[in-house]
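Hello,

Here is the structure I promised to pass on. Please open it before reading my notes.

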Amino acid sequence: MANREAIMRIAEANAKRTVTLPDGTRVPALGQGTWNIGDKPGSRQSEIAALRLGVELGMTLIDTAEMYGEGESERLVGEAIAGMRDRVFLVSKVYPHNSGRDRIAASCEASLKRLGTDRLDLYLLHWRGRVPLDEVAEGMERLKEQGKILRWGVSNFDVSDMRELFETPKGAGCALNQVLYHLGSRGIEYDLLPWQRERRLPTMAYCPLAQAGSLRKGLIDNETVRDIAADRNITPFQLLLAWCIRGGDVIAIPKASSENHVWANAEAGALMLTEEELRRLDSAFPPPTRKLPLDIV
Ligand code: NDP
């Protein structure tokens with residue numbers, strides 16, 4: 001019973017912490033990533049349970065890709081959301097080499113089949129490849145007309161790529177850009193984030209936990225991070241998530257394969273950092289003062 005009450009409390013907090021997409025749809029600021037999920041048959045049931053718990057806790061946005069485990073991740077997500085499809089905002093991604101007019105429809109269809117659904121809420125170009133952007137945008141818009149996807153976006157696009165995309169006839173239909181963003185990698189704050197903010201185009205932050213800190217040495221054990229987390233009785237990882245979604249237009253998609261981690265991540269949706277805490281984090285990890293190359297994994 002206590003557990004049920006706690007689930008309701010966390011889910012309510014996450015229902016209030018949303019990001020608005022260009023079409024007015026509100027999605028939770030905290031979603032769930034799935035890279036490497038579905039790779040190990042022995043972990044399958046616990047990963048499914050973790051994803052389902054995440055949905056119960058209000059992290060109803062699930063991000064996957066045809067690339068992840070070459071379809072295995074989508075299959076696992078399909079199994080996890082069976083019976084709860086309508087509660088989930090489902091995101092998948094197409095490989096660049098499948099994003100041309102001859103292949104995108106088949107790729108999307110294969111993703112739908114693996115996910116056990118008839119539509120994606122959001123379909124992303126995983127990264128920019130050789131297919132011209134006007135062709136990608138046209139293909140995405142066609143899938144939208146056919147009802148296979150409800151909206152589309154891009155991933156790993158820097159500001160110059162975004163400008164180019166928006167100059168194509170259908171490019172302005174792009175709903176968001178998914179890029180690497182965490183406290184230890186703030187390059188997008190210099191130009192990409194402001195460019196998107198001006199157009200009310202949300203950002204989806206991947207690796208919001210810096211892959212459990214491994215992407216940035218000294219992040220998790222930084223003194224300021226440790227002190228703020230200790231003062232608030234939270235973990236450094238929860239602090240990283242609260243920091244990531246502080247602006248109201250960034251969606252963070254931490255990946256967790258255990259229920260404990262999912263629970264901890266979902267609790268971060270209720271955390272609001274103070275101006276003072278943000279200033280201290282700025283001193284420890286200063287925002288960029290010049291253009292930096294887009295960080296990718
Ligand atoms: P994350 O930054 O989400 O870190 C994941 C790691 O953090 C895992 O080792 C996980 O462990 C651990 N973790 C999760 N929650 C906690 C917690 N509460 N406390 C301690 N450790 C925790 O890295 P990802 O690379 O997975 O990025 C997130 C998602 O973004 C991906 O899963 C994918 O969906 C997307 N992505 C998109 C990319 C793109 O090119 N568009 C590129 C990379 C990622 P455990 O698994 O044991 O729970």
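Below are notes on the ligand site and the salt bridges.

This is a predicted model, where local features need pLDDT of at least 70, side-chain atom pairs count only at pLDDT 80 or more, and totals for chains, interfaces and linings use all residues. Residues are numbered from 1 along each chain as its sequence is written, and side-chain values use heavy atoms, with hydrogens and water left out.

Ligand site

The ligand is surrounded by 28 residues (a heavy atom within 4 Å of it). The closest are Asp63, Gln178, Gln211, Ser257 and His261. By type, the shell holds 14 nonpolar, eleven polar and three charged residues (Asp, Glu, Lys and Arg count as charged; Ala, Val, Leu, Ile, Met, Phe, Trp, Tyr, Cys and Pro as nonpolar; the others, Gly among them, as polar).

- Ser257: 2.4 Å
- Asn156: 2.9 Å
- His126: 3.4 Å

The cut-off for a polar contact is a pair of N or O atoms within 3.5 Å. On its own, the ligand has 910 Å² of accessible area, and the protein covers 87% of that (Shrake-Rupley method, 1.4 Å probe).

Salt bridges

The count is 23 (a side-chain nitrogen of Lys or Arg within 4 Å of a carboxyl oxygen of Asp or Glu). One pairs Arg75 with Glu72, with the closest N and O atoms 2.7 Å apart.

Best wishes

How values were computed: Polar contact = N/O pair within 3.5 Å; in protein donor to acceptor, adjacent residues only side chain to side chain.
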